[in-house]
Structures are given as structure tokens and as C-alpha cells.
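Please read this note with the sequence and the model side by side. It takes up pockets and helix packing in turn.

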Amino acid sequence: MTADLFAFNPDAQDLLFREAHTAKKFTDEPVTDEQVAAIYDLIKWGPTMTNSQPMRIVLARSEDAQARVVGHMLPNNAEKTANAPLIAVLAADMKFNRHIERIFPDAPFMAQMYEKDDFREPIADSQAWMQAGYFVMGIRAIGLDACPMLGLDRPGLDADLFADSDLKCICVVLIGKPADDAYGPRLPRLNYDEVVSVL
């Protein structure tokens, strides 16, 4: 596919996609609150259904918080989580509708629809996952690397961190500068004709 089809240059395409990998190891360089704020200020513009924006980012910075998250990771993920410069727990706010009249003022009837748990909660989950994808791209865009993981006890983490809230964990993302041996071999991707069909 030719470069002139894209609105941004090949180096940016490589940074976000072609040359990007999931980092397994990081340097000790810290990730600052300023960097996380810059990531969020970029990715908050990604679209969500009815502008719902249900993803919440919980940064485990204290030793206690880090240990609590690590305690819920599966064994093969615990060590790299413990050694990451920053652990972000991404969660879905199951009561995101508390903001809906402010963030989606064009359709006031949605406030009533979102009062129904069986309508609202699947949207909270699916749209938070969509935002999680934006979050990984935002991390790459700022020159850091991400390791998103589902290898954890999510109900246990919810009970530990979010017992008195409306948040439910969707995944854990490790953030930092990649170490020299951060990456394994590049895994194959499916071809266009295996993925795309035309009706």
C-alpha cells in the first residue's frame, strides 16, 4: 500500500503500528504524571458510543498498590508487572451515565435509557475496551511502550481495589521505556484476504 494514501508520514505509521511491539521488559526510567496526562489529552478525543467515555485509568504508584495488583496477576505476568515503571489498571465505569447529560447534551432521552443496567453495562464494557486501544496507541505516540495484559484475576482485583466503587477492571497495562531485550520475535499477522470480505 502506497504511503500517499495516509494523512501522516511513514515514520509515524511505523511508530504506532508496523515497528511497534508489546514490550516485556522496561528500563528503570520513571513514567511521569505529565506524560500520562499528555497521553490522556490525546486519546480522550477517540470516539465512543454517545460520547460515553467509560474508561477509567487507575495508576498503581505506591508500593502497596503495586503489590496488590501484582498479587492478582497470573504467575507468568507477576514478575514483569512488579518490575514495570508504571502499572495502569484500566477499568470500566459502570455508572458512566452520571455524566451523560453533560457529555452528550444533544440527546437528553439517553439519560433515561442509561438508567437500565442491562442496557448500560454492556456499553460501559465495550466502549472502555475501545478506549483501551486508544490508550495503547497514545502510549506509543509519546515514545513509550505498553504491555496490555488480561492474564490476571479480574474479579479478585475488583474486590481488592474497587469494592466500594462502580469500576470494573478490564485489563492491566504496563508502561515505560523498553529495555534492550524488551521484545520477542515478531509474530505473524493475518493477511488482508483472510480478514476482509465484501458483501
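The points below describe two pockets and two helix pairs.

1. Basis of the note. This is a predicted model, in which local features need pLDDT of at least 70 and side-chain atom pairs count only at pLDDT 80 or more, while totals for chains, interfaces and linings use all residues. Residues are numbered from 1 along each chain as its sequence is written, and side-chain values use heavy atoms, with hydrogens and water left out.

2. The largest pocket. On a 1 Å grid over the protein atoms alone, a pocket is an open set of points where a 1.4 Å probe fits, with protein on both sides within 12 Å along at least five of seven lines; lining residues have an atom within 4 Å of a point. The volume of the largest pocket is about 230 Å³, a volume being the space filled by probe spheres set on the points, which are joined across faces, edges and corners. Its lining includes Phe-17, His-21, Lys-24, Arg-140 and Tyr-183. By class, the lining residues of the largest pocket are five nonpolar, three polar and four charged (Ala, Val, Leu, Ile, Met, Phe, Trp, Tyr, Cys and Pro count as nonpolar, Asp, Glu, Lys and Arg as charged, and the others, Gly among them, as polar).

3. The second largest pocket. This pocket has a volume of about 150 Å³. Among the residues that line it are Tyr-40, Met-55, Arg-56, His-99 and Gln-131. Strand S1 (55-60) and helix H5 (100-103) each contribute at least two lining residues; helices (H or I, at least four residues) and strands (E, at least two) are DSSP runs, numbered from the N terminus. The lining comprises three nonpolar, four polar and two charged residues.

4. Helices H1 and H7. How is the packing of two helices described? The angle between their axes and the distance between the axes are used. Helix H1 (residues 10-18) packs against helix H7 (residues 117-141) at about 130 degrees, with the axes 9 Å apart (axes are lines fitted to C-alpha atoms, for helices over the stretch in contact, and angles run from 0 to 180 degrees between N-to-C directions). H1 and H7 are therefore oblique to each other, since angles under 35 degrees count as roughly parallel, over 145 as roughly antiparallel, 65 to 115 as roughly perpendicular and the rest as oblique. Leu-15, Leu-16 and Phe-17 of H1 make the contact with Met-137, Arg-140 and Ala-141 of H7, contact meaning heavy atoms within 4.5 Å.

5. Helices H2 and H7. Helix H2 (residues 33-43) and H7 pack at about 125 degrees, and their axes lie 9 Å apart. H2 is therefore oblique to H7. Ile-39, Leu-42 and Ile-43 of H2 meet residues of H7 including Tyr-134 and Phe-135.
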